[in-house]
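Please read it alongside the coordinates.

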Amino acid sequence: MSNFKYNTKTIARIFLLWFLIFANSLLAQDTVKKSFTYQSQLKFWISPNLIQAMKIENVGKSHLKAKPNIGIEIGVGLSERLNNKFSINVGAGLGVIPESFYYDFQKPNSSVFFIGDNKFGNLETKSKNYSHFYYTLPLSIQYSIYKKKNLDFYIDAGLKLNSFVAHPFTTSYTHSFMIDSLNPNVELFNLKTYSASKKNILSYTLKFGITKQTKKANTLNAAIVLNYSPKKLAKGFYEYYNLGYESKGNVSLGINYVGLELSYGIAFRKTVNRNRFK
């Protein structure tokens, strides 16, 4: 189970390191004296996201655990410059949110699992299900905070309409043991989740990013993304059996995440700006 219990802070640091390396590479590149300024762009993006862990509310002894997981989102969009400071962005994409949990604990002496050859070892399992695919339609306003030569540091705020492909849904997980010939299928664990909201869920986004513009007005972009929605994607319940004590509770899964968005913009409408990078 040690491979599954990864450190969330480590993953967040990796995201931040990627962003800093990308930003440093942009700063290290030479600028040009003659270039264009884009007015309209076609953008392609990919965003690995650290999804918030399943929320668990325990009753009795606590055995069920959950960690944040990596999801991903890809898409294409249009960016239209309104003036020197503001741009509007729209797009369409596809993403996935995993549903996962795990447990790993010693067999209770009072349980049916602590007999014969089954006395030693732990009761353990892990599950990760990438079944929650969704279409997303983002809309946002981008504001340029600071410009330096061909670099642009910006903040972006907006909302997304997320439409889940499989809806409504119900998922079920069970874990049983064969104890002996008299007990061939002894149930240990059961968890069920179901759709907790409508097919379409609205979320709110905030991005902090940096853009490097080429002489042809194309752009390389990197941004830290925060996505939040008060709505839950899934709710459910779980229970352990035959342990000799109570262990059960409720679970819920949201669509909140922090991510690293990398994108490339291709200008198809631009203006000449010979002195932009002097």
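Strands here are DSSP runs of E, at least two residues in length, numbered from the N terminus. The model is a predicted one.

1. Cis peptide bond. Pro 168 sits in the loop between β6 (151-164) and β7. The peptide bond that leads from His 167 into Pro 168 is cis, and its omega is near -5°. As background, most peptide bonds are trans.

2. Positive phi values. Ala 217 is not a glycine, yet its phi is positive, at about 75°. Ala 217 belongs to the loop between β9 (200-213) and β10 (219-228), and it counts as buried because its relative accessibility is 0%. Asn 242 also has a positive phi, near 60°. This residue is in the loop between β11 and β12, and with a relative accessible area of 41% it is partly exposed.

3. Open sheet. Five strands form an open sheet in the order β2-β12-β11-β8-β7, and the pairing is antiparallel. The edge positions are held by β2 (55-60) and β7 (170-177); each has a single partner strand, so one side of each lacks a neighbour in the sheet. On average, neighbouring strands of this sheet are turned by 10° against each other, direction ignored.

4. The β11/β12 pair. Strand β11 (residues 232-240) and strand β12 (residues 247-254) run antiparallel and are joined by 7 bridges. Within this pairing, Ala 234 stands opposite Leu 253 of β12. The loop between β11 and β12 is where Asn 242 of point 2 lies.

5. Nonpolar core. Which residues have the most contacts inside the largest nonpolar core? They are Leu 64, Ile 97, Leu 188, Phe 189, Leu 191, Leu 233 and Tyr 240, in a core of 29 residues. Two or more residues come from each of β4, β5, β8 (186-195), β11 and β12. In general, nonpolar side chains of soluble globular proteins tend to be buried together.

6. Surroundings of Tyr 240. Beyond its neighbours within four places in sequence, Tyr 240 is in contact with His 63, Leu 64, Tyr 103, Phe 105, Leu 188, Phe 189 and Ser 247. Of these partners, Leu 64, Leu 188 and Phe 189 are also named among the core residues with the most contacts.

7. Pro 108. This proline is in the loop between β4 (86-106) and β5 (122-148). Is Pro 108 buried or exposed? Its relative accessibility is 10%, so Pro 108 counts as buried, the cut-off being under 20%. Neighbours within four places in sequence aside, Pro 108 is in contact with Phe 114, Leu 123, Leu 243 and Tyr 245.

8. Ser 163. Strand β6 contains Ser 163, which counts as buried because its relative accessibility is 18%. The side chains of Ser 163 and Asn 200 are joined by a polar contact of 2.8 Å. Neighbours within four places in sequence aside, the contacts of Ser 163 are Phe 133, Tyr 134, Tyr 135, Lys 199 and Asn 200.

9. Lys 207 forms a salt bridge with Glu 261, with 3.0 Å between the closest N and O atoms. Here Lys 207 is in strand β9 and Glu 261 in strand β13 (residues 257-273), so that distant parts of the chain, 54 residues apart, are linked. Lys 207 and Glu 261 are both buried.

10. A partly exposed salt bridge. The side chains of Glu 246 and Lys 248 also meet in a salt bridge, at 3.4 Å from N to O. Glu 246 is partly exposed because its relative accessible area is 44%, and Lys 248 counts as partly exposed at 31% relative accessibility.

Definitions and conventions: Residues numbered from 1 in each chain as written. Predicted model: local features only at pLDDT ≥ 70, side-chain atom pairs only at ≥ 80, totals over all residues. Heavy atoms only, no water. Pairing = 2+ DSSP bridges. Helix = DSSP H or I, 4+ residues; strand = E, 2+ residues; numbered from the N terminus. Axes fitted to C-alpha atoms, helices over the stretch in contact; angles between N-to-C directions. Buried < 20%, exposed > 50% of the residue type's maximum accessible area, 1.4 Å probe, protein only. Contact = heavy atoms within 4.5 Å. Core = buried A, V, L, I, M, F, W, Y, C linked by side-chain atoms within 4.5 Å. Polar contact = N/O pair within 3.5 Å; in protein donor to acceptor, adjacent residues only side chain to side chain. Salt bridge = Lys/Arg side-chain N within 4 Å of Asp/Glu carboxyl O.
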